[in-house]
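Please keep the sequence and the structure in view while reading.

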Amino acid sequence: MTANSKNRWMDAARREAIRFNLGWWIQTFLPWGIGLGLLMAVFMLLLRSFQIPLGMILVAGGVAFFTIALTTFLKARLKFMRTQDALVALEADLCLHNALTAASVGLQDWPEFQSGARLNLRWNLKIAGLQVLGV
């Protein structure tokens with residue numbers, strides 16, 4: 001039972017850390033990605049108006065997109081949550097009174113896994129929507 005509880009709690013912590021980290025990366029990437037998209041749209045319209053093939057601008061846009069994605073990932077990574085941090089956040093959100101931390105260092109048995117254990121995080125779609133609109 002203890003090994004199963006440990007695995008389930010650690011899986012939940014990993015899953016929540018990934019969810020948290022994905023949010024940080026998206027928040028960092030979105031303004032740059034939108035800016036690149038707008039810039040690409042302008043260049044594509046200009047090239048089409050002069051009847052110039054779009055092949056090179058599409059390749060350049062792909063390279064720029066990849067570069068921005070990688071750069072923003074590296075920048076957002078400074079704020080990423082580790083699995084152990086997510087475990088602490090889970091026990092705080094679920095009012096487990098350090099039970100997971102104590103169990104992770106071997107001071108006590110792992111508590112019974114609570115199905116649906118998630119961090120109390122929500123996507124702020126209003127802010128993301130404003131970023132998409134360029135506000």
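Which residues have the most contacts inside the largest nonpolar core? They are Trp-9, Leu-87, Leu-90, Leu-100 and Trp-110, in a core of 17 residues. The structure is a predicted model, in which local features need pLDDT of at least 70 and side-chain atom pairs count only at pLDDT 80 or more, while totals for chains, interfaces and linings use all residues. Residues are numbered from 1 along each chain as its sequence is written, and side-chain values use heavy atoms, with hydrogens and water left out.

**The nonpolar cores**

A nonpolar core is a set of buried Ala, Val, Leu, Ile, Met, Phe, Trp, Tyr and Cys residues joined through side-chain atoms within 4.5 Å. Buried means under 20% relative accessible area, exposed means over 50%, and partly exposed lies in between (1.4 Å probe, protein chains only). Helix α1 provides the largest share, namely five residues. Helices here are DSSP runs (H or I, at least four residues), numbered from the N terminus.

Beyond its neighbours within four places in sequence, Trp-9 is in contact (heavy atoms within 4.5 Å) with several residues, including Leu-87, Leu-90, Leu-100, Trp-110 and Phe-113. Another core, of six residues, lies apart from the largest one; among its members are Leu-36, Met-40, Ile-57 and Ala-69.

**Helix α2**

Helix α2 (residues 55-76) has 22 residues and should span 32 Å at 1.5 Å a residue; its end C-alpha atoms are 31 Å apart, which agrees. The expected span is 1.5 Å times one less than the number of residues. Its buried residues are Ile-57, Gly-61, Ile-68, Ala-69, Thr-72 and Ala-76. These residues cover an arc of only 110 degrees around the axis, which puts them on the same side of α2. The arc is that of the directions from the helix axis to the C-beta atoms. On the face turned away from this buried side are the exposed residues Met-56, Val-59, Val-63 and Phe-66.

**Aromatic pairs**

Rings of Phe, Tyr and Trp (its six-membered ring) pair if their centres lie within 6.5 Å; planes under 30 degrees apart count as stacked, over 60 as edge-to-face and the rest as tilted. Five aromatic pairs are found in a search of the whole structure. Two of them are compared below.

| Pair | Centre to centre | Angle between planes | Arrangement |
|---|---|---|---|
| Trp-25 and Phe-29 | 5.2 Å | 20 degrees | stacked |
| Phe-29 and Phe-65 | 5.4 Å | 85 degrees | edge-to-face |

The second pair links distant parts of the chain, with Phe-29 in helix α1 and Phe-65 in helix α2, 36 residues apart. Trp-25 and Phe-29, by contrast, are four residues apart in helix α1 (residues 2-49), so they are separated by about one helical turn.

Is Phe-29 buried or exposed? Phe-29 is buried, because its relative accessible area is 12%. Trp-25 is partly exposed at 23%, and Phe-65 is partly exposed at 45%. Together, Trp-25, Phe-29 and Phe-65 form one aromatic cluster.

**Two loop residues**

Gln-51, in the loop between α1 and α2, has a positive phi of about 55 degrees although it is not a glycine. His-97, in the loop between α3 and α4, also is a residue other than glycine with a positive phi, near 50 degrees. Gln-51 counts as exposed at 72% relative accessibility, and His-97 counts as exposed at 71%.
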